Amino acid sequence: MARERSPGVRLLFAALVAAALVIPLMMVYALVYDRQDQAQTAQNSIVAGWAGPQVVAGPILALPYLAERVTSEVVDGRTVTRTIESREMLYIASDRQEIDTAIDPSIKSRGVIHQSVIYDVALSGNANFTLPDDLARLGVDPDQLLLDEAEVRLPISDPRGIGTETRLSVDGEDVAMRPGMGANASGSGIHGQVDWSDGEPLSVEFAYNLKGSSSLSVVPRGKETAWTARSTWPHPSFSGSFLPPDDSVSISDEGFEASWSVSNLALGESLVRTSEPTLPQPAINDRFSIYPVEAAEGDGSVATIRLVEPVDLYSLVNRSVKYGFLFIGFTFLAFLMFDIVGGARVASAEYLLTGAGLVLFFVMLLAFSEMFGFAWAYVLASGAIIALLTSYSAAVLGTWRRASVIGAMLVGLYALLYVLLNLESWSLVIGSVLLFVALAAVMYATRQIDWSEVNYRPSSKGSEPAGEASGIPA
């Protein structure tokens, strides 16, 4: 006869083993982060020779002018005032601009695991400019303007993606396109020089091809901006400061089409300024979202299209690891019920080995996901762990009948987890209800247990029929 520990002590040992498994579970969580970083590095190398996420803006008119600046300085104890003529720049946004983009996406891969979404975009549009009649508020005299040295500038964040087919016409006449943003400009893009000596309203048409990856953003500068985008990519995501109206968005398996209409009143920017406008730069705002979704460190608000992949496997694996405690808790709880109520004896080492199998599932899920995709990886990893733990439970609990209960529970848990991963908004509700049902079941099964009582019973597994009286399979 072997001296048996009290139910309370057995519960304590099971809880301690479960707490110890937090360490390997956290190591798996860190492994997901590490693989995510490696994927990010690989994707950056994939598009290194292509072009990054692109941020573009419609044309802006840059006008040089001669400004007189009065300066004072002390010379030999006397204050001397001087008038210095300097060359400054005036920047004029369009009265109305229309931008049309046709995005042609593709997948660029490196090996079996890593891939990135790249695209070619044909961008075209037109804009209208008029000479402002309120330059005095900026301290600019119209006679100081050098209208014959005007420049039409097209800002582009990553000029590596600019194609060879570019066109710019002003009032129907073609203008030569030049790299950069013109004299003394700090931004990147292309520009053309225009003689605007007559000061009459100016009509500009432009078109160019652009390469990029992951996302395309447009800065809606101008009194009124209309942007239309279409693509064969069936999984777009719209973000940024401006979203397209629902009635202007069409998404299907063949692709999408969307349009934006943005007024200058929504931008909060002046159409005329003396400071050089700059483009916002793409930024990653989520560790597990490797696509640039917002713009940062720049001048102006953006409207963004992300060409996302339908499944972000690292995000799904990361979320599944967070449910690891639920798996460990429910499995240990089932073992504990068989131990306390059903008459089986489960040692601490057996709890530990079972928990190790549950933790191993997430490692296998991560490894298989990178090779076969998340859905197939989930089936393979869960099937392997369920078979392993069910077989082991037959030895631990003494009978295959009891092991079948463990196997059925694991099948239900893994099926439920897959549902939770696909129904993120319902995950908290479903999880809390499941925990409530589990707690109620444990309370009912242990309602007559004396947690401090110590009994003597045979040490052989499965020899006690106590489970029959408590509803636990013997």
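**Entry 1: two loop residues**

I started at Ser214, which sits in the loop between strand S12 (202–213) and strand S13 (215–219). I am working on a predicted model, in which local features need pLDDT of at least 70, side-chain atom pairs count only at pLDDT 80 or more, and totals for chains, interfaces and linings use all residues. Residues are numbered from 1 along each chain as its sequence is written, and side-chain values use heavy atoms, with hydrogens and water left out. Helices (H or I, at least four residues) and strands (E, at least two) are DSSP runs, numbered from the N terminus.

I looked up the backbone of Ser214 and found a positive phi of about 70°, although the residue is not a glycine. Most residues other than glycine have a negative phi. Is Ser214 buried or exposed? Ser214 is buried, with a relative accessible area of 8%. I use buried for under 20% relative accessible area, exposed for over 50% and partly exposed for values in between (1.4 Å probe, protein chains only).

I then checked Asp171, another non-glycine residue with a positive phi, near 55°. Asp171 lies in the loop between strand S8 (162–170) and strand S9 (173–174). Its relative accessibility is 45%, so Asp171 counts as partly exposed.

**Entry 2: the whole protein**

I noted 10 helices and 22 strands in the protein. Of its 474 residues, 46% are buried. I also took the contacts (heavy atoms within 4.5 Å) between residues at least 6 apart in sequence: 76% of them join residues at least 24 apart.

**Entry 3: helix H5**

Helix H5 covers residues 324–340, 17 residues in all, and reaches 24 Å from its first C-alpha to its last. That is close to the 24 Å expected at 1.5 Å a residue; the expected span is 1.5 Å times one less than the number of residues. H5 is mostly covered, with 14 of its 17 residues buried.

I picked Thr331, which lies in H5, and found it buried at 1% relative accessibility. What is Thr331 in contact with, leaving aside its neighbours within four places in sequence? I found Thr354, Leu358, Met409 and Leu410.

Two packed helices are described by the angle between their axes and the distance between the axes. The axes are lines fitted to C-alpha atoms, for helices over the stretch in contact, and angles run from 0 to 180 degrees between N-to-C directions.

Helix H6 (residues 348–372) packs with helix H7 (residues 374–397) at about 160°, the axes being 7 Å apart. H6 is therefore roughly antiparallel to H7; angles under 35 degrees count as roughly parallel, over 145 as roughly antiparallel, 65 to 115 as roughly perpendicular and the rest as oblique.

By class, the contact has 19 nonpolar, 4 polar and 1 charged residues. Ala, Val, Leu, Ile, Met, Phe, Trp, Tyr, Cys and Pro count as nonpolar, Asp, Glu, Lys and Arg as charged, and the others, Gly among them, as polar.

Helix H4 (residues 313–322) packs with H6 at an angle of about 170°, with the axes 10 Å apart. This makes H4 roughly antiparallel to H6. Leu313, Tyr314, Val317, Ser320 and Val321 of H4 meet Phe362, Leu365, Leu366, Ser369 and Glu370 of H6. I counted these by class as 7 nonpolar, 2 polar and 1 charged.

The 24 residues of H7 should span 34 Å at 1.5 Å a residue, and its end C-alpha atoms are 33 Å apart, which agrees. Just after H7, Gly398 takes a positive phi of about 95°.

The axes of H7 and helix H8 (residues 400–422) come within 8 Å and cross at roughly 155°. H7 is thus roughly antiparallel to H8, and H7 passes H8 in a right-handed crossing. Residues meeting here include Tyr378, Ile386 and Thr390 in H7 and Ile406, Leu410 and Tyr414 in H8. The contact of H7 with H8 divides into 17 nonpolar, 5 polar and 1 charged residues.

Thr390 is buried, at 13% relative accessibility. Not counting residues up to four places away in sequence, Thr390 touches Trp400, Ala403 and Gly407. From Thr390 to Val405 I read 15 residues in sequence and 8.6 Å in space, C-alpha to C-alpha.

Terms used. A crossing is left-handed if the near helix is turned anticlockwise from the far one by less than a right angle, and right-handed if clockwise.
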